[in-house]
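Here is a short report on one structure. Please look at the sequence and the model before reading on.

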Amino acid sequence: MGEKILVLDAGTTSTRAMVFDAAGCMERVAQAELTQHYPRPGWVEHNAAEIWDKTLACMREAVGDGAEAIAAIGITNQRETVVAWDRETGEPLARAIVWQDRRTADFCARLKDVGHEAEVQKRTGLLLDPYFSGTKMRWLLDHDERVKRASDEGRLAFGTVESWLVYKLSGGTHVSDASNASRTLLLALDGAQFDAGLCELFGVPAASLPKVVDTHGRLAECGAEWLGRAIPISGLVGDQQSATIGQGCLSFGETKATYGTGAFVLTNKGQNIPRSEHRLLGTVLHQSSGTRTYALEGACFVAGSLVQYLRDQLGLIGSAAETEELARSIEDSGEVVIVPALAGLGAPHWKPDARGVISGLSFASGRAQIARAALEAMAHQTHDLATAFAGDGAAWTSLKIDGGMSANEWMAQDLADILDLEVERPDFVETTALGAAICASVGAGIYASLEEAAQAMRGETRVFTPDMAEEVRKDRLARYARALSVA
C-alpha cells in the first residue's frame with residue numbers, strides 16, 4: 001500500500017475527488033457540479049442521492065486503477081447542510097436542506113423571543129440562526145411525512161454531508177466528526193456527544209443522530225465494492241476548519257479567510273472555549289483522542305456565489321475570471337456599492353431577513369462598475385469581521401486567504417488595502433482539500449501530528465501588501481456602511 005491520500009471535497013456547488021501525495025502535491029482531480037434547487041425564495045436544497053452518485057463517480061475517476069496506492073480517505077464538506085435518510089435502506093428521505101437555506105427564520109425568532117439565545121450561545125458557541133443544522137432537522141420532522149414516519153419507526157438517520165458519505169461508503173457506519181457536529185446547535189462545546197437538553201430544546205430525537213468522533217484517526221472504512229479494496233477513512237473535517245488546517249493555522253491566534261461560495265474567517269483559539277461579545281461564533285477546529293482545539297469564526301453567506309449570480313442570473317459576465325479584467329479596466333466603481341445579502345446577512349450582523357442592495361447607480365454605471373463593486377464587497381464584508389474580531393480581543397496581525405475566489409489577484413490586493421494588513425495566499429489555493437489530506441495522513445499514521453503534516457505538505461505563498469491612500473479607504477468604507485444600513 002502506498003502513501004497517497006484520496007480526498008473527497010463535497011462542496012456547495014460541486015463535489016470533487018482529489019489524489020494527494022505525501023508531500024501535498026495534488027496528482028489527480030475529478031469534479032462534478034451539483035444541482036441547486038430553489039423551490040421558494042430563501043430556500044436552497046440539494047439532492048442527497050446526487051451528492052453520493054457524483055462523489056462516487058468522481059472518486060472512481062480520480063483513483064482509476066491506482067487504488068493500491070491509496071493509504072487513506074479524507075472527507076471535507078459543506079458543513080450545516082442536513083441530510084435525512086432511512087437507516088434500513090440507506091436512501092434519502094427528502095432533499096437535503098443546504099446551509100444557505102433561511103426557511104427556519106421564524107422558528108429561530110420564536111426561540112429568541114422566549115429568551116433561549118444567551119444560553120444556546122454559551123453552550124454551543126453558536127447563535128439562533130437558520131444557518132445551523134438543528135433547526136433544519138426540526139423543520140424536516142415537522143413538514144416531511146416520510147421523515148416523521150421514519151423517526152416514529154426508529155429508522156431515521158440525520159447527518160451533515162460527511163456523515164452521509166461515510167454511511168454510504170462504509171455500508172452503515174453513522175458518525176460525524178466534532179468539527180461538523182459543533183455546527184448543529186446540538187453539541188455543547190465541552191460535551192463529548194450530542195447534548196440531550198439541546199436535542200430536547202430543538203425537538204430533534206437523539207436516536208437519529210450520529211456518534212461524534214475525532215477529526216483524524218481510524219474513523220470508518222470504505223467498503224471494497226467501491227474502489228476494489230477496503231480503504232480506511234481517517235480524516236473527517238468541515239470545510240472551513242479544513243481550510244484552517246490546510247493553511248497551517250495550528251497555533252493560537254493564527255487566522256485564515258476562505259473565499260468560496262461564502263466567506264469564512266477562523267482564528268485558532270487553542271484549547272480555550274471561545275466566548276464572543278460581538279456575535280462571532282465559537283466552533284471546534286479539530287479533535288484528537290477526544291481533546292479539542294477551538295476557533296473563533298465569522299461567516300459571510302455570500303462571496304463567490306455573488307459572482308455566480310452576476311453570471312447565471314443577470315448575465316453580466318461570461319465567467320468568474322472576467323471580473324478581474326473588468327475591475328482593472330476602470331479607476332473605481334463609480335460609487336456603485338453592493339451589499340451581497342442574497343441569503344441574509346451573517347456575522348457580525350445576523351439579519352436573516354436582509355436582502356441584497358446595489359446602490360450608487362447612475363447612467364455611467366455599466367458591467368465594469370458592477371463587477372468591481374462585487375469584488376469590493378468581499379473586502380467590505382471582511383472588514384466588518386475584522387472589527388468584530390478585534391472587539392473580542394482577537395485582532396488580526398495578518399490574514400491567510402484561500403479558496404477559489406482568492407485566485408483573483410485584484411481582489412487579494414483589495415483585501416490588503418481595505419484591511420490595511422498583509423494578506424498571504426498560498427500558490428495552491430485549494431487548502432480546504434489539503435486540510436482534509438493533512439488530517440487523513442495523520443489519521444493513517446503517515447505523519448505523527450497535524451503540525452508535522454502541515455509543514456511537509458504546504459507549498460509556497462505570496463504576500464500582498466497594503467497600498468491604498470487612507471482617505472480612499474475611509475470613503476469606501478463609509479459608502480458601504482450607508483448601503484448596509486438599508487439592507
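**The model and its elements**

Helices are DSSP runs of at least four residues, strands runs of at least two, and both are numbered from the N terminus. The model is predicted.

**Ser182, a buried loop residue**

Ser182 sits in the loop between α7 (178-181) and α8 (196-202). Ser182 has a relative accessible area of 1%. Buried means under 20%, so Ser182 is buried.

The side chain of Ser182 reaches two backbone atoms. One is the oxygen of Ser179, at 2.9 Å. Another is the nitrogen of Val284, at 3.2 Å. Beyond its sequence neighbours up to four places away, Ser182 touches residues including Thr124, Leu126, Gln241 and Thr283.

**Aromatic pairs**

The whole structure holds 14 aromatic pairs. In one of them, the ring centres of Trp99 and Tyr131 are 6.1 Å apart and the planes stand at 65°, so the pair is edge-to-face. Trp99 lies in the loop between β7 (96-97) and α2 (105-113), and Tyr131 in the loop between α3 (117-124) and α4 (133-143). The pair therefore ties together parts 32 residues apart in sequence.

Trp99 is buried, at 4% relative accessibility. Tyr131 is buried too, at 0%.

**A nonpolar surface patch**

Tyr309, Leu314 and Leu342 form a nonpolar patch on the surface. Together they have about 240 Å² of accessible area.

Leu342 belongs to the loop between β17 (337-339) and β18 (357-359). Its relative accessible area is 38%, and Leu342 is partly exposed.

Conventions
Residues numbered from 1 in each chain as written. Predicted model: local features only at pLDDT ≥ 70, side-chain atom pairs only at ≥ 80, totals over all residues. Heavy atoms only, no water. Patch = residues over 30% accessible without salt bridge, like charges linked within 9 Å, V, L, I, M, F, W, Y side chains within 5 Å. Areas by Shrake-Rupley, 256 points an atom, 1.4 Å probe, with all protein chains shown as cover. Salt bridge = Lys/Arg side-chain N within 4 Å of Asp/Glu carboxyl O. Buried < 20%, exposed > 50% of the residue type's maximum accessible area, 1.4 Å probe, protein only. Polar contact = N/O pair within 3.5 Å; in protein donor to acceptor, adjacent residues only side chain to side chain. Contact = heavy atoms within 4.5 Å. Phe/Tyr/Trp six-rings, centres within 6.5 Å; stacked < 30°, edge-to-face > 60°.
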